[in-house]
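User: I want to learn how to read the features of a model like this. Please take me through them one at a time.

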Amino acid sequence: MNRKAYKPHPEESLVLNKQGDAGRVEEQSVSVQVMIPMELDPKMRVIGFFALDNEELPEGSQKNLNEITGTPFKAELAGLTVFVGPVVQNLQDNYIKALFSLADSIDRCDQSAHSQTTALWSRRIAQCMQLSSEEVEEITLAARLHDVGKAVVPREILVKPGPLSENEWSIIRHHADYSATLMDPSPGLKNIKLIVLAHHEYYNGCGYPRNLRGEEIPQGARILAVADAYSTMTTGRAYRPPISPEQAKLELMRCSGTQFDPEVVKVMIKLLGRYQFF
Ligand SMILES: [Fe+2]
Ligand SMILES: [Fe+2]
């Protein structure tokens, strides 16, 4: 039985203990990535990793892997090597492609095209606000990937047909943080991460996870929030049926200045007239 997926230099390796802690990270450079074994096949070979930047693991202290990965630690993973090393560019590209697949699988979970429609409306808003083409591309990509963190939320919660309990909501509310953590392994997603992390912040400071308000919220996230809400309202959720585009428009207007940036809502209303709600 091959228990070690990869054998790096001894100083670069960490070994999972029985509690699921990865021990200490010693003097690694910031460009180093950490690959934590997460899935084994029936022959106990590693077939899945969770990848993150080593900054997530505080130096000189331990951090439970549950907090990092958002999933329960499996006892059979104890003793496996955690790979720590640089990530090469073609792996970076593959990593972003893997995130696209993850976004698609979340969409399939609630039988929607939510990430695609949110990206479409985010792009339209950003273009209409005459942002630079680079910013438009960043916002579109952030919109496409904004909910990938739902991949670590239990599926039963994502597809639960009835109202969610307070505890279930608190798990769902972590998805913005999880999405941002999933951006960590790719330096190319640094700006995207800031937008994704803030996509549930409210303009009045009552959102999550950081209670940012007004212009503290990155502009891309203020745009994404409006596109996200419109897509969610018009496609519905497992626990809530969809509402009509006209009702969704009224809801955006009602929440302008509280949940949403009024400037962004103004642009969205103009676009809804132009595109006839789609
Ligand atoms: Fe979200
Ligand atoms: Fe969303």
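User: Among contacts in the protein chain between residues at least 6 apart in sequence, what percentage join residues at least 24 apart?

Analyst: This is a predicted model. Among contacts between residues at least 6 apart in sequence, 66% join residues at least 24 apart. The chain holds 11 helices and 4 strands. Of its 278 residues, 35% are buried.

User: Which residues touch the most other members of the largest nonpolar core?

Analyst: A nonpolar core is a set of buried nonpolar residues joined through C-beta atoms within 7 Å. Here the largest one has 43 residues, and Ala142, Val196, Leu224 and Val226 touch the most other members. H9 gives the largest share, 8 residues.

User: Take Val226. Which residues does valine 226 touch, leaving out those up to four places away in sequence?

Analyst: Valine 226 touches Ile125, Leu252, Phe260, Val264, Val265 and Met268.

User: Now helix pairs. At roughly what angle do the axes of H3 and H9 cross?

Analyst: Read the angle between N-to-C directions. For H3 and H9 it is roughly 135°, and the axes come within 8 Å. The two helices are therefore oblique to each other. H3 passes H9 in a right-handed crossing. On the H3 side, the contact includes Trp121, Ser122 and Ile125; on the H9 side, it includes Leu224, Val226 and Tyr230. By type, the contact residues are 8 nonpolar, 7 polar and 1 charged.

User: And H10 with H11: at roughly what angle do their axes cross?

Analyst: Roughly 160°, with the axes coming within 10 Å. An angle over 145 degrees counts as roughly antiparallel. H10 and H11 are therefore roughly antiparallel to each other. The crossing of H10 past H11 is left-handed. Lys249, Leu252 and Met253 of H10 meet Val265, Met268, Ile269 and Leu272 of H11. That contact has 6 nonpolar residues, no polar ones and 1 charged.

User: What do the buried residues of H8 pack against?

Analyst: They pack against H4, H7 and H9. The buried residues in H8 include Ile192, Ile195, Val196 and Leu197.

User: Now a single residue. Is threonine 140 buried or exposed?

Analyst: Threonine 140 is buried, with 24 other C-beta atoms within 10 Å. Threonine 140 lies in helix H4. Beyond its neighbours within four places in sequence, threonine 140 is in contact with Ala119, Ser122 and Arg123. Serine 115 is 25 residues away from threonine 140 along the chain, and their C-alpha atoms are separated by 9.8 Å.

User: How many other C-beta atoms lie within 10 Å of glutamate 263?

Analyst: There are 15, and glutamate 263 is partly exposed. Glutamate 263 sits in helix H11. Glutamate 263 and methionine 129 are 134 residues apart in sequence, yet 9.2 Å apart in space, C-alpha to C-alpha.

User: Last, the backbone. Which two residues does a cis peptide bond join?

Analyst: Most residues other than glycine have a negative phi, and most peptide bonds are trans. The cis bond here joins tyrosine 208 and proline 209, with omega about 5°. Proline 209 lies in the loop between H8 and H9.

User: What is phi of asparagine 211 near?

Analyst: Phi of asparagine 211 is near 50°, a positive value in a residue other than glycine. Asparagine 211 is also in the loop between H8 and H9. Asparagine 211 is exposed, with 12 other C-beta atoms within 10 Å.

User: Where is glutamine 130 found?

Analyst: Glutamine 130 is in the loop between H3 and H4. Glutamine 130 has a positive phi of about 55° although it is not a glycine. With 8 other C-beta atoms within 10 Å, glutamine 130 is exposed.

Definitions and conventions:
Residues numbered from 1 in each chain as written. Chains lettered and ligands numbered in written order. Predicted model: local features only at pLDDT ≥ 70, side-chain atom pairs only at ≥ 80, totals over all residues. Buried ≥ 20, exposed ≤ 12 C-beta atoms within 10 Å, placed from the backbone. Contact = placed C-beta atoms within 7 Å. Axes fitted to C-alpha atoms, helices over the stretch in contact; angles between N-to-C directions. Parallel < 35°, antiparallel > 145°, perpendicular 65-115°, else oblique. Left-handed = near helix turned anticlockwise from the far one by under 90°. Nonpolar A, V, L, I, M, F, W, Y, C, P; charged D, E, K, R; others polar.
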